[in-house]
Amino acid sequence: MAEARPASERFEVELEFVQCLANPAYINSIAQLGYFDKPEFVSYLRYLKYWQRPEYARFVVYPHALGFLDLLQSKQFRDEMKKADEAMRVHELQYHHWRWPNHQADGESGAAPLSPHA
């Protein structure tokens, strides 16, 4: 039987993984490897939502990770992120947001939504 990880190590591993979710290319990679098709992995993503609570979120350096963690709760978003062109589109929207945080992406009607429900 495997020993449980010490709490400090678990904290670090989970924090590192959550922060990796700020990278659309990483999300695309794990999507293409089939992780999003595994119910236990989807459950793990649901479990990780505790990082959005203030007492944990303060450790997250890349806040977009928490937004993507929310989006990854949607099967539609997980399925879309299997497509390299969709991951690139999301990355471009993310970059645009970082570069010009108060500017709309298309100059008129705002950025194309990341949410699969929009």
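**View 1. Contact of helix 1 with helix 3 in the predicted model.** From helix 1, the residues R10, E14 and F17 meet F41, Y44, L45 and Y47 of helix 3. The two helices, spanning residues 7-20 and 39-47 respectively, pack at an angle of about 100°, and their axes lie 12 Å apart. Because angles of 65 to 115 degrees count as roughly perpendicular, helix 1 is described as roughly perpendicular to helix 3. Sorted by residue class, this contact comprises 5 nonpolar and 2 charged residues, with no polar ones.

**View 2. Helix 1 and its buried residues.** The end C-alpha atoms of helix 1 are 20 Å apart, which agrees with the 20 Å that its 14 residues should span at 1.5 Å a residue. Buried within this helix are E14, L15, F17, V18 and Q19, and the buried residues of helix 1 pack against helix 2, helix 3 and helix 5.

**View 3. The largest nonpolar core.** This core has 25 residues, and those with the most contacts inside it are L21, F36, L45 and W51. Two or more residues each are contributed by helix 1, helix 2 (24-32), helix 3, helix 5 (64-71) and helix 7 (84-99), with helix 5 giving the most, namely 5 residues.

**View 4. Surroundings of L21.** When neighbours within four places in sequence are left aside, L21 is in contact with Y26, I27, I30, L45, A65, F68, L69 and L72. Among these partners, L45 is, like L21 itself, one of the residues with the most contacts inside the largest nonpolar core, and L45 also takes part in the meeting of helix 3 with helix 1.

Notes. Residues numbered from 1 in each chain as written. Predicted model: local features only at pLDDT ≥ 70, side-chain atom pairs only at ≥ 80, totals over all residues. Heavy atoms only, no water. Axes fitted to C-alpha atoms, helices over the stretch in contact; angles between N-to-C directions. Helix = DSSP H or I, 4+ residues; strand = E, 2+ residues; numbered from the N terminus. Parallel < 35°, antiparallel > 145°, perpendicular 65-115°, else oblique. Contact = heavy atoms within 4.5 Å. Nonpolar A, V, L, I, M, F, W, Y, C, P; charged D, E, K, R; others polar. Core = buried A, V, L, I, M, F, W, Y, C linked by side-chain atoms within 4.5 Å. Buried < 20%, exposed > 50% of the residue type's maximum accessible area, 1.4 Å probe, protein only. Expected span 1.5 Å × (residues − 1).
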